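Let's take a walk through this structure together. Keep the 3D view open and turn it as you read.

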Amino acid sequence: MSIMQNMKNKFSSLFDVFGENEPKRIGIYGPPNSGKSTLANRICKDWTGETLGAEGPMPHETRRAKKRENVTIEHNNSKVTIDIVDTPGVATEVDDKEFVTEGMDEDVAKRRAREATEGIAEAMQWLREDIDGVIYMMDSTQDPFKQVNTMLLGIIESHNMPAVVLANKIDLEDADAKNIADAFPQHTTVPVSAKKGDNMDDIYKQIANKFGD
Ligand SMILES: Nc1nc2c(ncn2[C@@H]2O[C@H](COP(=O)(O)OP(=O)(O)OP(=O)(O)O)[C@@H](O)[C@H]2O)c(=O)[nH]1
Ligand SMILES: [Mg+2]
């Protein structure tokens, strides 16, 4: 073992003794446009008073991960301090023509697609190496069996990472949260509206349960 590694191990066990380990890093993952940034902003606003990053109707609004450190969340008698990471929506394909159809200039659309692709690669690497737990967000008006959902939840399960699944946008008429719960019965699914703030208390309960000590 190298001297550096030896010192690192000694220091981390010292921190363990004093209970001063780093807060768990919780990533909000899911397909583009499912409401991850809306949720990240609401959680950060509720517990720190500040928001985190831009939300928007066009997919791939978030193209670089954004982090808020030391967010302390309380539910009943449980208290947990986490770092929240809002990640770029993961898709198996990013098509710049989709942005042009929405009225974006071709050059801007190409740049957005390139940035989104880089952001996805970064988010996947974080998921494999730097994330301790996941809030997995799906739009409950959409098909839960999208390739991206089975792929990401497969990675999360193979790493034995604690996860909470959220069925978002339940305020919309064609939302079907049960569809998501039935598709992934191995996870706890919470129906929510990040936009309206419905069921936030259930989310905080799950965060305290799954990510607390
Ligand atoms: N009706 C409804 N709309 C929502 C809800 N949550 C988010 N939205 C809307 O969905 C769109 C996408 O929201 P974002 O929070 O930017 O989604 P995202 O998952 O961060 O998207 P990317 O960054 O592109 O991956 C925005 O227009 C939001 O206002 C919700 O609970 N209900
Ligand atoms: Mg976003």
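Strand 2 (residues 66-75) and strand 3 (residues 78-86) run antiparallel to each other and are paired over eight bridges. To see one of these pairings, find Lys67, whose bridge partner in strand 3 is Val85. Then follow the chain to the turn: the hairpin of strand 2 and strand 3 has two residues between the strands, and there Asn76 takes a positive phi near 50°. Please keep in mind that this is a predicted model.

Now step back to the whole chain. The protein has seven helices and six strands. Read from the N terminus on, its elements follow the order α-β-α-β-β-α-α-β-α-β-α-β-α.

Of the 213 residues, 35% count as buried. Among contacts with a separation of 6 or more, 70% join residues 24 or more positions apart.

Finally, look at ligand 1. Which residues come nearest to ligand 1? Of the 23 residues around it, they are Gly35, Ser37, Thr62, Gly89 and Lys195. Helix 2 (residues 36-48) gives the largest share of this shell, with three residues. Sorted by class, the shell around ligand 1 holds six nonpolar, 11 polar and six charged residues.

Technical notes:
Residues numbered from 1 in each chain as written. Chains lettered and ligands numbered in written order. Predicted model: local features only at pLDDT ≥ 70, side-chain atom pairs only at ≥ 80, totals over all residues. Near = placed C-beta within 6 Å. Helix = DSSP H or I, 4+ residues; strand = E, 2+ residues; numbered from the N terminus. Nonpolar A, V, L, I, M, F, W, Y, C, P; charged D, E, K, R; others polar. Pairing = 2+ DSSP bridges. Buried ≥ 20, exposed ≤ 12 C-beta atoms within 10 Å, placed from the backbone. Contact = placed C-beta atoms within 7 Å.
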